[in-house]
Every structure is written in structure tokens, then in C-alpha cells.
Amino acid sequence: MRADVPFVLGTVPMWVTMVQLLTAGLVGGFCLLQWIWWRGERRRAGAEWALVWSADIALLLLAGGLFAFTDPGPLQDALQFAHTQLVGAFMLLAIPATRAFADGPATRWWVALSSTLLLAGAAAWWWHPTSPRAGEDAVVTSVLVAVALISVAYVVACIGPQKVSRLGTLLVLAGAESLAMLTAGGVVQDESISAMLVALWSIPLGFALGTLALVRLRQAQRVARQRHLMRDATARLANAAWFARDADSLLHRAREEARAVLADPQIEGSLRPISHDRFVTELYSPREHTALERTFLVDLAQIVSAAAERYGLTSRLERTAYADPLTRLPNRRAVDKHLLDVLERANVERTRVSLVYCDLDGFKRFNDLHGHEGGDAVLVRVADHLRGLVQGDADRFVGRLGGDEFVVVISRAPQDVDLVALARSLRDGFVDCSVGARAARLSVGVATWVPGDVVDPDALMRHADTAMMEAKRSRSGFRVYDRALRRRVDAARHHRAALEAAVAEDHFTAYFQPIVDARTLEVLQVEALARWDDHGQLLLPSDWLDVAEETGLIVPIGASMLTQSRRALDRFQIPVAVNLSARQLAEPDALEQIEAAWGDTYWEHLTLEITESALVRTGPAVPLLSELRARGARIAVDDFGTGYSSLARLSRLPVDVLKIDRSFVREIGTDRGASVVRTILDLAAVHGLDVVAEGVERSSDLATLVDLGVRRVQGNFLGRAAATLPIRGPRPGTGAWHAQRPLRAVPTQARGPQTGPLTVVHHLA
Ligand SMILES: Nc1nc2c(ncn2[C@@H]2O[C@H](COP(=O)(O)OP(=O)(O)OP(=O)(O)O)[C@@H](O)[C@H]2O)c(=O)[nH]1
């Protein structure tokens with residue numbers, strides 16, 4: 001009976017059944033774990049077939065174990081049948097599993113043949129349903145043997161020509177052992193031994209497959225850990241790429257990361273430019289690496305290449321952002337940055353830093369004369385000149401601030417005498433006569449930061465600029481910002497602030513100086529003179545006029561004088577003369593401002609005095625003066641004779657009065673002084689202008705002026721400027737005052753040579 005039915009389950013000791021069930025549980029549980037662990041992921045074919053194979057073994061052992069607990073009958077038959085089929089399936093599965101492990105020949109025909117045989121065996125069992133042991137007959141046995149032979153043949157064909165790994169060897173040996181036990185179970189005559197062998201034959205292969213799965217699990221864990229490390233290293237390098245400044249240091253970092261993660265100290269790296277701003281990076285090692293590791297190295301290399309390209313682009317952008325396109329010198333931003341760096345370093349090293357500020361004189365005019373291109377050419381020559389001066393000296397840095405302004409920053413600056421020599425050589429070294437007749441010159445200012453000063457690049461720049469401005473103003477060509485200049489600048493700043501406050505608080509008062517008839521000494525007119533009431537001290541225009549002109553504060557001061565003069569007209573009932581500055585004339589809405597200050601009536605009692613130099617400078621103001629004149633105001637040329645107005649131009653200017661400057665009146669006793677006054681009188685006669693002599697201080701001067709034919713005079717001898725005037729006539733506010741207005745025009749002979757005394761026709765006179 002045993003010889004006919006070699007693979008049937010038989011009666012075995014309880015411990016064998018326990019071993020069967022325990023192993024079934026172990027292998028089955030392990031399969032379940034693997035399945036749960038893999039869920040949703042694709043695994044290698046070998047691992048998947050190994051799982052199916054293990055599941056088959058677990059079921060096989062389970063069927064065998066349960067068999068021991070059943071009595072003969074349909075259930076036992078079913079278990080027997082299942083066991084037989086699972087044995088068949090085990091044989092069959094050996095074919096695709098071996099192929100998956102060993103990559104052998106195609107399995108299609110092998111599987112078809114084995115499957116057909118197994119189906120035939122199952123059919124044989126089916127056709128003998130009445131016999132409970134029908135499946136155990138020789139047909140089934142033959143089928144199983146045949147399928148086993150086919151599987152063994154495939155395995156031999158598959159792994160025969162190959163070098164088998166240690167795990168593969170373990171599997172082959174375990175498979176051979178299992179097959180040997182199964183074969184022995186069919187051959188051994190002793191029924192109990194045979195049953196034990198049939199019960200336990202699949203255990204060696206089950207354990208081998210379990211070992212294989214465990215090894216795979218460890219491998220997968222190692223790979224997962226390595227992936228994790230690689231991901232971290234890649235992220236670290238990507239972050240570092242944002243902070244690194246150059247590609248070489250980043251490449252070094254990438255190499256260190258790769259060496260640490262792959263535990264390969266032989267890894268090296270290279271970074272090569274392949275075109276403009278394009279790079280290729282390689283990380284390589286003589287050691288063989290897995291595909292995953294190679295991908296990791298490529299990822300690191302790509303980060304380095306991308307960063308190198310970005311650095312190249314950024315540095316190009318920075319070069320553009322920090323360079324002046326015309327002269328290719330560092331621009332203002334670069335100078336600011338450099339100056340701050342240098343000052344901070346000097347603060348630590350306790351060294352001096354000097355800033356040399358250079359500005360072309362009259363460059364605007366140069367541009368106007370020679371065009372922008374001519375101007376550009378000069379700027380480039382200045383840049384070359386300065387560049388030549390600092391070449392090879394690491395402590396000197398030259399830059400262009402903009403327009404015609406250049407600076408040289410000198411770290412570890414020398415002593416003041418050397419700085420003066422440097423400033424002088426900068427000034428004298430650049431005399432550009434290449435375009436036009438007038439040479440372009442540089443004005444140079446030098447300021448120095450010394451240890452202990454506050455680190456303030458703006459202040460240093462301001463001081464150097466101030467020194468340069470002073471050099472320009474004084475026409476000395478160069479100037480060092482020293483204590484004296486600092487004191488002057490501070491004083492000027494305070495003065496300016498006080499002037500601003502005085503204007504805001506309306507501390508300017510009009511004082512009136514009479515202009516009288518030289519013969520009768522009758523007051524014909526008064527001139528409003530501005531006085532600054534500086535906390536009880538009266539300041540004359542000579543104390544503040546320059547600052548007021550420079551700051552533009554002369555505009556509100558002038559407007560205030562007009563307003564006060566208008567009030568004085570009402571109060572004193574006498575024509576007034578008011579000074580008008582060039583700045584006022586240059587205001588875009590000058591006419592509106594004058595109207596707002598004066599009002600729109602009594603223009604005929606207003607004389608506007610403009611200095612000769614202002615008149616020359618403000619040629620475009622001629623239409624404005626004509627407009628004012630059309631309203632009835634008279635225009636007087638103040639300080640006449642001191643400017644350079646061409647006498648021929650006088651006839652074309654809208655002028656009514658010439659005021660002879662006090663310098664000529666002072667010299668009236670001399671032949672030269674008398675002849676100048678005579679010339680002015682002749683000129684005025686030719687052009688039909690009135691004449692007023694200013695600055696009459698002595699009676700002899702008055703007598704001479706009268707002799708020369710001057711009809712109107714003004715000066716301290718004839719009346720000092722005062723806030724009020726002893727004027728004849730009613731006081732404002734009395735009933736008669738309004739009734740008697742307005743004054744009639746003065747003078748009565750507005751044009752033509754002065755043949756008779758000019759008279760003020762005053763209603764009350
Ligand atoms: N050709 C040229 N001119 C420029 C450039 N940048 C600015 N400018 C002109 O340079 C002139 C600078 O004038 P300023 O320095 O203010 O005046 P300036 O005539 O030199 O007067 P001072 O400095 O008081 O002597 C302006 O007219 C600008 O229009 C440039 O790149 N090329």
C-alpha cells in the first residue's frame with residue numbers, strides 16, 4: 001500500500017503534529033507580516049514568489065497538522081486532497097520562483113506542462129468519488145512525481161550555468177533536503193517513519209524561505225535608512241547652497257556628505273565650466289556603487305552645478321549693480337559699502353581713513369557747451385586719472401558717486417601733510433584741455449576719520465563734500481576738512497537755523513531810509529531796508545544776505561518787505577522803494593507772489609530795486625519786469641556801476657532809475673569819482689532815466705553831487721533808516737486820511753533829462 005501511495009498523510013506522533021502546526025503558524029504569520037509590510041508597494045518578483053511559496057508551505061503544514069485531529073471520513077479526505085494539491089502547487093511554484101530568483105529561461109511551457117499534469121491528477125481523484133482514498137492511487141502519485149521531476153529539471157536548467165549566491169545556495173540545499181525527505185517518505189516502508197517524513201518534509205524549505213525573507217527585510221531596512229540619510233544629506237546640501245558664496249566650497253561640502261553617507265572615503269568631486277555660466281559637476285569613486293547610491297551622487301552633483309550657475313549669475317548681477325557703466329568704476333553703492341567695511345576695520349585696527357572728494361568745476365556748463373558726449377569723455381578721463389593714481393595700492397579705492405563727483409577712499413591714511421600733497425597732486429594732475437579752450441579742473445576736498453570718532457560713513461562723506469565745496473568757493477582748488485572749517489560749517493549751520501526760525505517767526509522788520517531832493521532836502525521817497533531783529537539785536541543785511549540768498553529764504557523775506565512797505569505807504573503817505581532779489585525774480589510764480597504781498601493798487605507809488613548783477617543774471621525776468629512796469633511800478637537798477645551790464649543793453653531793459661553805487665559817491669571828491677558820476681548822468685540823460693546817488697555821508701559829497709546835477713540823494717547824512725518817519729500829514733486812522741488818498745504820481749517828469757527839480761506832489765504838502 002505505501003509503495004503505491006507514497007505522499008499520503010499518515011498517523012504521526014503528537015509532537016510531529018505540534019511541530020507541523022507551530023511551523024505552519026510561524027511561516028504563515030511571517031507571510032502575513034510581509035504582506036502587511038509590503039501593502040501598496042511593488043516588490044521584486046523573487047520576493048513576491050517567495051511569499052507565495054511560503055504561504056503554500058504554511059497551508060501544507062496546516063493541512064497536515066489538522067489531519068491528525070480528524071477521523072476517517074469526508075473531512076479527512078478533503079484535507080488529504082488539499083494536501084496533495086498543495087504538494088503539487090509547491091512543485092509547480094518552484095518553476096516561476098526559481099526564474100524570479102535566478103533569471104532563467106521562459107517558464108511558459110514548463111508551467112503549462114506541470115499544470116496539465118496536476119489538473120489530470122485532480123480529475124483522477126474526481127472520477128473516483130466513491131473511494132475515499134481514490135486520490136492516493138498511483139495516478140496521483142505519478143503526477144506528483146512527474147511534476148517534481150519537471151520542477152527539478154527546470155531548477156537545474158536555471159541555476160546550473162550560474163554562479164549562485166549564498167542565499168541561493170541555502171535555498172537550493174533546503175529545497176533538495178525537502179525533496180529528499182518527500183522522496184524518502186514515499187520510499188520508506190516503515191509507515192510511521194514515512195508519515196513523519198511526509199509530515200515534515202516542507203519544513204527545511206519553509207525555514208530557508210523565512211531566512212531569505214528576513215535577510216531581505218534587513219536589506220530593505222538598510223536601504224530605507226540609507227535613503228533617509230541620503231535625503232537628509234541632499235536637503236542639507238540644498239540649504240547650504242543658499243548660504244555658500246562660492247561653488248568650490250559647496251563642492252567640498254557635497255563630497256564630505258557623500259563620503260559620510262556612503263561610507264566611502266575615496267569619493268572625489270570635480271566642477272568644470274562647459275559654457276558661459278554653465279557648469280558640470282561629478283562625484284566619483286573607484287568603488288562600485290548601487291543604482292540608488294549613484295542616483296544620490298548625481299543629485300548632489302546637480303545641486304552643486306545649479307548653485308554654481310546661480311553664483312555666477314548673482315556675481316554678474318552684483319558686478320552690474322555695483323559698477324558705473326560709463327567709467328567702469330565702482331558706483332555709489334559700492335563706495336558706501338567699501339567705506340563702511342574700511343571704517344569698521346579701521347575701528348578695530350586703530351588706523352585712520354581718509355576720503356578724498358573730487359568734483360569737476362563748471363561741468364554743467366561744459367556739458368552745455370560740448371554736449372553730453374563731450375562731458376562723458378571728460379568723465380572717463382577723470383576716472384582714468386584717478387585709477388592711475390590708486391593703481392597697485394591696496395589701501396586706495398576709487399569710485400564714482402554720480403554726475404561729476406568721484407571719491408578716493410584711503411584706508412591706513414597717511415598724515416595730513418601727505419594728504420594735502422595728494423589733494424594738490426589730484427588737483428594739479430588733471431588739467432583737461434582736450435575739448436574746448438577752457439580747461440576742466442577738479443576741486444578736491446579731503447576729510448579724515450580718526451580712531452575714537454563715531455563710525456559714520458555719511459558724516460565722513462559730508463565732511464569731504466564740505467571741504468570740496470569750500471575749495472570750490474574759495475577757488476583754492478583743494479581743501480582739507482579741519483577744525484577751522486568744522487567750526488565755520490557749524491557756525492553757518494547755526495546761523496542758517498536761526499535765520500529759518502527768524503523767517504518763520506517774522507522777525508524781519510522794514511526800516512525806511514529817505515530819498516531826498518538834493519536841493520530842497522524834501523523827502524521824495526523812502527527805501528525799505530530789511531533788518532533782522534535777533535533777540536533785540538538789529539542785524540544788517542550784510543550779516544545774513546548771503547545765507548538768505550543761498551537758502552532761498554530771501555524769497556519770504558522779500559515778500560515780507562513788500563507787505564510792510566505797502567503798509568508804510570498807507571501810513572506815511574509817501575512812495576516806497578523795495579529791493580527785489582534775483583531769487584524772487586526766478587520764482588516760477590514771481591508775479592503772483594509780488595501781487596499777493598503788495599496788493600493790486602498803488603503800483604505807481606512802488607519802485608522795485610534790482611541790483612545790476614541780478615539784472616544781468618536774470619535775463620529771462622525781463623518780461624516780468626515789463627509786466628510790473630506796465631502796472632505802474634518803476635524799476636530801479638541798484639548799485640549801478642558795480643556790475644558788468646553793457647551800457648548798450650540799458651536801452652533794451654525795462655528800467656526807470658539808476659542808483660549810483662555808494663563806492664562812486666565815496667570817491668566823488670576825486671577826478672575819477674566825479675567823472676564816473678558824470679558818465680552815469682550822461683547815460684541816464686540819453687536813456688531818459690532818473691538818477692539817485694546812494695551812500696551820501698558828507699555835506700561836501702552832497703554839494704559836489706548837486707554841482708554835478710544829481711537831483712536825488714540818499715545816505716546817512718540825509719537820514720538814517722528808521723522804523724518810522726517824521727512825515728508831514730495826517731496819521732492813519734484819522735478821518736481826513738482816507739479822503740485825501742491817493743497820493744499822486746511821483747516824479748512829475750518821469751522821462752527825459754532832468755531839467756528841473758523833481759517834485760513830489762503831495763496833497764498835504
Ligand atoms: N555728460 C554727462 N553729464 C552728466 C552725467 N551725470 C550728470 N551729468 C551732468 O553733470 C552736471 C553736474 O553739475 P554740477 O556738479 O551740479 O554742477 P557744476 O556745473 O559742475 O557746478 P560746480 O560743481 O558747482 O562746479 C549736471 O549738469 C548733470 O546733468 C553723465 O553721466 N554724463
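Which side chain does Glu257 meet in a salt bridge?

What we have here is a predicted model, where local features need pLDDT of at least 70, side-chain atom pairs count only at pLDDT 80 or more, and totals for chains, interfaces and linings use all residues. Residues are numbered from 1 along each chain as its sequence is written, and side-chain values use heavy atoms, with hydrogens and water left out.

Okay, back to Glu257. The partner is the side chain of Arg236, at 2.8 Å from N to O. By salt bridge I mean a side-chain nitrogen of Lys or Arg within 4 Å of a carboxyl oxygen of Asp or Glu. This pair links distant parts of the chain: Glu257 sits in helix H9 (residues 247-262) and Arg236 in helix H8 (residues 203-243), 21 residues apart. Helices, by the way, are DSSP runs of H or I with at least four residues, strands are runs of E with at least two, and both are numbered from the N terminus.

Is Glu257 buried or exposed? Buried, with a relative accessible area of 8%, while Arg236 is partly exposed at 38%. The cut-offs: buried is under 20% relative accessible area, exposed is over 50%, and partly exposed is in between, using a 1.4 Å probe and protein chains only.

In total, the structure holds 35 salt bridges. Another one pairs Asp324 with Arg400, with the closest N and O atoms 3.1 Å apart. Asp324 lies in the loop between helix H10 (291-321) and helix H11 (332-349), and Arg400 lies in strand E4 (residues 396-402), so this pair ties together parts that are 76 residues apart in sequence. Both of these residues are buried.

Now, Arg400 takes us to the ligand. An N or O atom in the Arg400 side chain is 3.0 Å from an oxygen atom of the ligand. The protein covers 63% of the 660 Å² of accessible area that the ligand has on its own; those areas come from the Shrake-Rupley method with a 1.4 Å probe, and for residues only the protein chains shown count as cover.

Which element gives the most to the shell around the ligand? That's H12, with seven residues. Asp359 also has a side-chain N or O atom 3.0 Å from a ligand oxygen, and for Leu360 a polar backbone atom is 3.2 Å from a ligand oxygen.

How values were computed:
A polar contact is a pair of N or O atoms within 3.5 Å; within protein, one must be able to donate a hydrogen and the other to accept it, and residues adjacent in sequence count only if both atoms are side-chain atoms.
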